Amino acid sequence: LSAMKKTLFLSAAFLLMSLLGIAQSTFKISSNGRPVVEIVVPTASWSVTTTDSLFSIIPIDEGETSRLITMIWASKNPHSETAIDDIANEAFDVVEALLEDITWNEELSEFDNNGISFVAQDGQGYYANEDGTKDEMTTTVMLLMPDDVNVIALVYFGTPEAYDKWSESLLEIILSIIPAE
C-alpha cells in the first residue's frame, strides 16, 4: 500500500510539473479600449508586461539569451487614412531609437495566418551599452491587419544568442495571434 501511495504521489507530482511547464495565458491587445487581437503566451517561460497601449514579452532567462524583447501595440487611430503609415513610422522609430547602424533587408515577408495579414521587415543593428561597447541585435518590424480597419505593430529585437534560443517559441507566440471576438 505504501509503495502504491508513493507511485500515485510521484505520478501526481510529475503531472503537476508538466502542466506548470506548459502554462499558457491568453491576453487581449486593444485599440481604444476594444480588444482587437488575442495572443497566447507560455507564461512559464515568458514574462508579460501590459499597459493600456503596450504589450511586451521577454523570455525568462539570464545572460545573453535573455536579451530579447517583443513589443506589440494597436493603432491609436485605425480609422485615419494614414493609420498604416503612422503605425509603421512608430514601429521603425522605436527600433531606430534603441539601435544604431541598422541595415534593413530589402525584401518584405508577407503571409496570412488565422485570418490576419502580416507584413514584416527584418534588420540588424547595434545596441550601444553604457560602457561604450556595442552589441549586435537582430530586429523585425511587423504590421498585422486583423480586419479591414485595425492595424497592429509588432517589434522585436535581441542578441543573436537570444534569437537562436527563443525564435521558435516566439514564432509560436506570434502565430497564436487571432482576431478578438
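I looked up the aromatic pairs and found 5 in the structure. A pair here means rings of Phe, Tyr or Trp (its six-membered ring) with centres within 6.5 Å; planes under 30 degrees apart count as stacked, over 60 as edge-to-face, the rest as tilted.

This is a predicted model: local features need pLDDT of at least 70, side-chain atom pairs count only at pLDDT 80 or more, and totals for chains, interfaces and linings use all residues. Residues are numbered from 1 along each chain as its sequence is written, and side-chain values use heavy atoms, with hydrogens and water left out.

I checked Phe92 and Trp104: the pair is edge-to-face, at 4.8 Å centre to centre and 75 degrees between the planes. Phe92 belongs to helix α2 (residues 83-98) and Trp104 to strand β6 (residues 100-104), so the pair ties together parts 12 residues apart in sequence. Helices (H or I, at least four residues) and strands (E, at least two) are DSSP runs, numbered from the N terminus.

I then took Phe111 and Phe118, which are stacked because their ring centres are 4.5 Å apart and their planes at 10 degrees. Are these two buried or exposed? Phe111 is partly exposed at 29% relative accessible area, while Phe118 is buried at 1%. Buried means under 20%, exposed over 50%, partly exposed in between (1.4 Å probe, protein chains only).

Next I traced an open sheet of 3 strands, β1-β2-β11, with antiparallel pairing. Strands pair if DSSP finds at least two bridges between them. β1 (25-31) and β11 (178-179) are the edges with a single partner strand each, so one side of each has no neighbour in the sheet. I noted 7 bridges between β1 and β2 (residues 34-41); Ser30 has Pro35 in β2 as its bridge partner.
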